[in-house]
Amino acid sequence: MNLSGLIHLFVFPGLLFAVPAAWFFVWGEHKAAARMQRRIGPPLLQPFYDFVKLLGKRTPSRRGIEADLLRLYPALSVLSLLGALALLPVFPAGVSFSGDSILLVALLELPSICFILAGFTSGSIYGEIGAIREAVLSVANNLVFLLAIVTVAVTRQTFRLADLAGPTTNPGHWLGVLGILLCIPAKLRLNPFSTSSAEQEIYSGPLTEYAGAALGMWKLAHGLEWVALTGLVASLVLPAGGEWVLHALLFVAVSFVQVLLLSAIAAGTARFTLDRSIRFYWRWAAILAILAISSAIYMGYRS
Amino acid sequence: MNILKKLMHKSRCKSPSLFHLNTGSCNGCDIELVTCLSPRYDVEQLGIHLEGSPRHADILCVTGPVTRATLEAVKTVYAQVCEPKAVVALGSCPASCNVFAGSPVIEGPLSKHIPVDVYVPGCPPHPDAIINGIARAAQILAERGVREEAKGEPQK
């Protein structure tokens with residue numbers, strides 16, 4: 001791996017940037033919800049304090065293969081999200097190869113799969129219900145998510161992320177970005193698509209049996225999902241090139257605006273039942289996605 | 001090493017997660033506890049948040065006089081909360097059984113069954129008093145954490 005790749009993985013937008021950004025975005029999520037309810041909301045360092053506190057909890061020891069698996073899932077989620085962040089085309093000179101957007105989609109999907117597996121492995125009835133809901137929701141939103149990514153790829157005739165970055169005049173690109181934005185609430189388990197972690201019904205869903213450091217890793221993974229998914233949209237709409245400091249600041253700003261927007265929507269909506277969530281994605285969002293991809297293919301033939 | 005301990009102490013003070021356990025309360029104290037989360041009192045400023053699972057919690061908030069039917073649940077839930085932990089008894093019922101004292105179906109007061117750190121008396125207590133009690137419990141919890149880490153692992 002070359003130096004630029006290492007910088008992507010460990011400095012920006014990887015580990016060194018992503019972990020504080022994850023805490024910052026989680027703070028933004030809670031703060032936006034608080035402001036929507038006319039509350040003051042948590043202090044800036046709250047997600048950091050939560051994380052440190054969880055590291056200091058003494059958890060009951062489990063033995064056997066389940067214990068190892070339950071420790072493995074959150075770690076795997078965090079690692080795969082860091083890998084996904086390293087692939088983001090924030091700097092044009094980063095690691096980029098043909099088909100890396102497919103790898104990005106796979107890495108973004110891994111935390112959801114780990115979440116489902118954690119629910120089934122924990123043996124808790126609430127975990128199992130939450131895992132089933134997450135699995136169904138993941139099938140529902142991934143149809144739209146994949147179609148949106150493919151739409152963006154078709155408008156540029158490539159699966160290379162470095163060539164997908166930046167805005168174009170092609171409407172297919174913007175419809176694709178809209179499709180990705182529509183899927184972010186379900187991927188982050190935000191209202192109105194929060195059935196899989198509906199605390200009033202199933203406590204914390206798949207995370208019910210988690211405690212201490214492993215729970216802290218899950219919370220970190222949630223923050224990293226914020227950074228990765230909003231970062232993907234930001235890198236698709238921001239013009240590439242220019243001063244790198246300015247570009248990085250714009251990248252954070254655009255991501256953070258999405259965090260505030262999606263949290264405000266989450267605070268302003270009630271929870272959909274599972275079948276309503278599926279109907280939303282497989283009917284309305286899917287119509288948009290299919291229109292987007294067919295128009296993108298049509299435009300490709302015409303030009 | 002010292003600075004890490006200070007950070008841990010501060011984090012425990014700043015981030016108390018509550019688990020709310022009703023042991024046969026009349027719902028008065030429960031409503032007052034939920035009021036603390038409302039815009040008027042907004043305990044999220046202090047980092048206090050309610051959790052759905054006792055495994056995620058630091059502070060157990062108990063309301064009610066501990067009826068016979070809930071006694072086992074109290075012990076189970078207390079055991080599920082990971083160390084370091086603290087217990088806040090909300091209202092007069094867990095402290096003294098209140099008007100239910102002497103009833104054959106009441107197993108209270110709470111301190112007969114699990115160690116209680118902070119009592120918030122009142123029927124029901126004022127939300128300000130509840131917030132004060134939780135903040136004190138967070139202090140107690142943080143200091144207990146430091147003590148136990150200095151001693152090594154606890155015997156349990």
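Me: In which sense do strand 1 and strand 2 of chain B pair, and over how many bridges?

Reply: Strands of a sheet pair through backbone hydrogen bonds, either parallel or antiparallel. Strands here are DSSP runs (E, at least two residues), as helices are (H or I, at least four), numbered from the N terminus; two strands pair if DSSP finds at least two bridges between them. In this predicted model, strand 1 and strand 2 of chain B pair in the parallel sense, over two bridges. B:L18 stands opposite B:L50 of strand 2.

Me: How are the residues and chains labelled, and which pLDDT limits apply?

Reply: Residues are numbered from 1 along each chain as its sequence is written, and chains are lettered from A and ligands numbered from 1 in the order in which they are written. As the model is predicted, local features need pLDDT of at least 70 and side-chain atom pairs count only at pLDDT 80 or more, while totals for chains, interfaces and linings use all residues.

Me: What is the strand order in the sheet of chain B?

Reply: The five strands form an open sheet in the order 2-1-3-4-5, with parallel pairing. Strand 2 (49–50) and strand 5 (118–120) of chain B stand at the edges with a single partner strand each, so one side of each has no neighbour in the sheet.

Me: Which bridges join strand 3 of chain B to strand 1 and strand 4?

Reply: Strand 1 and strand 3 of chain B run parallel, joined by five bridges; B:F19 has B:L60 as its bridge partner in strand 3. Five bridges also join strand 3 (residues 59–63) to strand 4 (residues 86–90) of chain B, again parallel. There, B:C61 stands opposite B:V88.

Me: How many residues of strand 1 of chain B are buried?

Reply: A residue is buried if 20 or more other C-beta atoms, placed from the backbone, lie within 10 Å of its own; 12 or fewer means exposed, and in between is partly exposed. Five of the six residues of strand 1 of chain B are buried, so this strand is largely enclosed by the rest of the structure.

Me: How many residues of chain A are in contact with chain B?

Reply: Contact means that the C-beta atoms of two residues, placed from the backbone, lie within 7 Å. By that rule, 25 residues of chain A are in contact with 18 residues of chain B. Helix 3 of chain A gives the most to the side of chain A that touches chain B, with five residues.
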